[in-house]
Amino acid sequence: MSDTSDGSDDAAPGPEEVRHVADLARVGLDDEEVERFADQFGDILDYFETLEEVPEVERETDLVNVMRADEARDCLSQEEALANAPETEDGYLKGPNVS
Amino acid sequence: MSADHNVFITEETVEGAANGPLADRTVAVKDNISTEGVRTTCGSEMLEDYVPPYDATVVEKLKDAGATIVGKANMDEFGMGSTTETSAFGPAENPVAPGRVPGGSSGGSAAAVAAGEADLALGSDTGGSIRNPAAFCGVVGIKPTYGLVSRYGLVAYANSLEQIGPLAPTVEEAAALLDVISGPDPRDATTREEGADSDYASAATGDVEDTTVGVPTELVEGADEGVRERFEATLDDLESRGATVEEVSLPSVEHAVEAYYVIAMSEASSNLARFDGVRYGESGGFEGNWNEAFSNSREAFGEEVKRRILLGTYALSAGYHDKYYKQAQDARAWVRQDFDEAFESVDVLASPTMPTPPFAVGDSLDDPLQMYLADANTVPVNLADLPAISVPAGEVDGGLPVGVQFIAPAFGEADIIRVGSAVEN
């Protein structure tokens, strides 16, 4: 079941696939983390695959929308909203370049 | 005192109103629950310096009830863990079982109560994170029905599963704290009317006459022998007080753990995208473009958090959504259906809370899958949105606490409080 890194089993991502998912998730990993996750994910995903045994179940749809009146409410002041930002400028959040 | 067990991440006293039902009580608040002006780290380096500008609804309610908050309790980072060893601020220790973990992820909250550093505590339970440390530390913990307690101000990990709930030395005290925090909140659209004028504390009568207790065989089979013996002794005691015990079957729970982790990790991968180092959180600096800066800032997450974000991202990615996430939702519906059917013939369900006594420090960290499997008895409750309580049921191996869990139909808190109180008498 749990082929590890040769790509023969699509449930067992190798280091390249771990790096790809980390890129998608925008989570920086060091090389050791990549290796460790590649080792562990095969077992964990194999285990998740036992969900194949779950029968189709009719889902009750008891969900309801909860609406409120579209009225202005108190909110944080600009100062409060900026208080935790690592960098601000002229009352705005300052972020990295979008490129 | 607290340095002994690393119970608190931040020790700070916040006085409540002069009068109220909790006027003479001290409360430890899990560090993922927002407190105005008091830093709230979620046990993460990412939020090491984060100071919320507002109170969670439950914190407002604590203050209104006169409680004194004595600190922000240690926890697994963002609630991800079963031992409180993944905290960026160091592990908490189990005050009643030296060398053992206090359980998690609300381990600091349970340890605070067990060590007497707070009278009461608030935790949050996504897959067992109140009940697990309650069992490991020998205290009482309640996971309320989904929607009974407001999640406004709780830093989200997996919204569809988690609830804030009480930890206390006794069932009656836990129920009294639940009375304070439960009820509808216009700021949380998932809250319901039930619990608005509750009196759960008075349900702690210890009366189990004519109560039918169902025991799901699937939740007992995997437990350690010592744990099973304590569980059987508890059932015998309930029978001697007039309860009827019968076996029931919940075949779906065999798949609850994998369904839980797929759903929780998927929700986590989305929820934790807000930590970008711009509005709050550790900044990765502004070198490179947005994506690189974003990735850099998120290196501050600990390994368990990264593991869950990646697995959640993978489970939701193109080609895998139907294979993992959709099937997990099917399993969730099946679990709910199983519980519904069981409650047609019994009043409450009972099981060991945890299949083992508290783990030795360091034991579970190397094998994440083994750690996930330890939650087998608690996660079905979160998948089905039900209320459950963990009550101390004695000790094994010369002083290791064991907990039993009682589960009721939705909004049946009074029943599990009543049955739970019978165990402690």
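**Close-up 1. Gly141(B) stands opposite Leu167(B) in strand S6(B).** Across from Gly141(B) in another strand, S10(B), stands Ser390(B). This is a predicted model, so read every view here with that in mind. S5(B) and S6(B) run antiparallel and are joined by 2 bridges. S5(B) and S10(B) run antiparallel too, with 3 bridges joining them. Now follow the side chains along S5(B): Val140(B) and Ile142(B) point one way, Gly141(B) and Lys143(B) point the other way, and all are buried.

**Close-up 2. Zooming out, 11 strands of chain B make up an open sheet with mixed pairing.** Reading across, the order is S1-S3-S2-S4-S6-S5-S10-S11-S9-S7-S8. At the edges sit strand S1 (8-10) and strand S8 (244-248) of chain B, each of which pairs on one side only. On average, neighbouring strands are turned by 35° against each other, direction ignored.

**Close-up 3. Here S2 and S4 of chain B pair in the parallel sense.** Strand S2 covers residues 26-30 and strand S4 covers residues 120-125, with 3 bridges in the pairing. To find your way in, look for Ala28(B), whose bridge partner in S4(B) is Ala121(B). Helix H2 (residues 107-114) of chain B lies across S1, S2, strand S3 (68-73), S4 and strand S6 (163-168), and runs at about 155° to S4(B). Another helix that packs on the sheet is H12 (residues 413-424) of chain B. H12 touches strand S5 (140-143), strand S9 (348-352), strand S10 (388-396) and strand S11 (400-407) of chain B, and its direction makes about 15° with that of S10(B).

Close-up 4. Buried or exposed, where does Ser87(B) fall? Ser87(B) counts as buried because its relative accessible area is 8%, under the 20% cut-off. The side chain of Ser87(B) reaches the backbone nitrogen of Phe89(B) at 3.0 Å. Leaving aside residues up to four places away in sequence, Ser87(B) touches Ile9(B), Gly43(B), Asn74(B), Met75(B), Asp76(B) and Glu77(B).

**Close-up 5. Chain B meets chain A in a contact that takes 56 residues from chain B and 49 residues from chain A.** The two chains bury about 4700 Å² between them, with 65% of it on carbon and sulfur atoms. Which residues of chain B lose the most area to chain A? They are Phe286(B), Leu310(B) and Tyr314(B), which together account for 14% of what that side buries.

**Close-up 6. Glu303(B) and Arg36(A) form a salt bridge across the two chains.** Their closest N and O atoms are 2.5 Å apart. Between chain B and chain A the count is 3 salt bridges, and there are 16 residue pairs in polar contact, both residues being at pLDDT 80 or more. On the chain B side, the elements giving two or more residues are helix H6 (256-271), helix H7 (290-297), helix H8 (303-316), helix H9 (321-342) and helix H10 (368-373). H9(B) supplies the largest share of the side of chain B that touches chain A, at 12 residues.

Methods. Residues are numbered from 1 along each chain as its sequence is written. Chains are lettered from A and ligands numbered from 1 in the order in which they are written. This is a predicted model: local features need pLDDT of at least 70, side-chain atom pairs count only at pLDDT 80 or more; totals for chains, interfaces and linings use all residues. Side-chain values use heavy atoms; hydrogens and water are left out. Two strands pair if DSSP finds at least two bridges between them. Helices (H or I, at least four residues) and strands (E, at least two) are DSSP runs, numbered from the N terminus. Axes are lines fitted to C-alpha atoms, for helices over the stretch in contact, and angles run from 0 to 180 degrees between N-to-C directions. Contact means heavy atoms within 4.5 Å. Buried means under 20% relative accessible area, exposed over 50%, partly exposed in between (1.4 Å probe, protein chains only). A polar contact is a pair of N or O atoms within 3.5 Å; within protein, one must be able to donate a hydrogen and the other to accept it, and residues adjacent in sequence count only if both atoms are side-chain atoms. Buried area is the accessible area (1.4 Å probe) that two parts lose on being put together, summed over both. A salt bridge is a side-chain nitrogen of Lys or Arg within 4 Å of a carboxyl oxygen of Asp or Glu.
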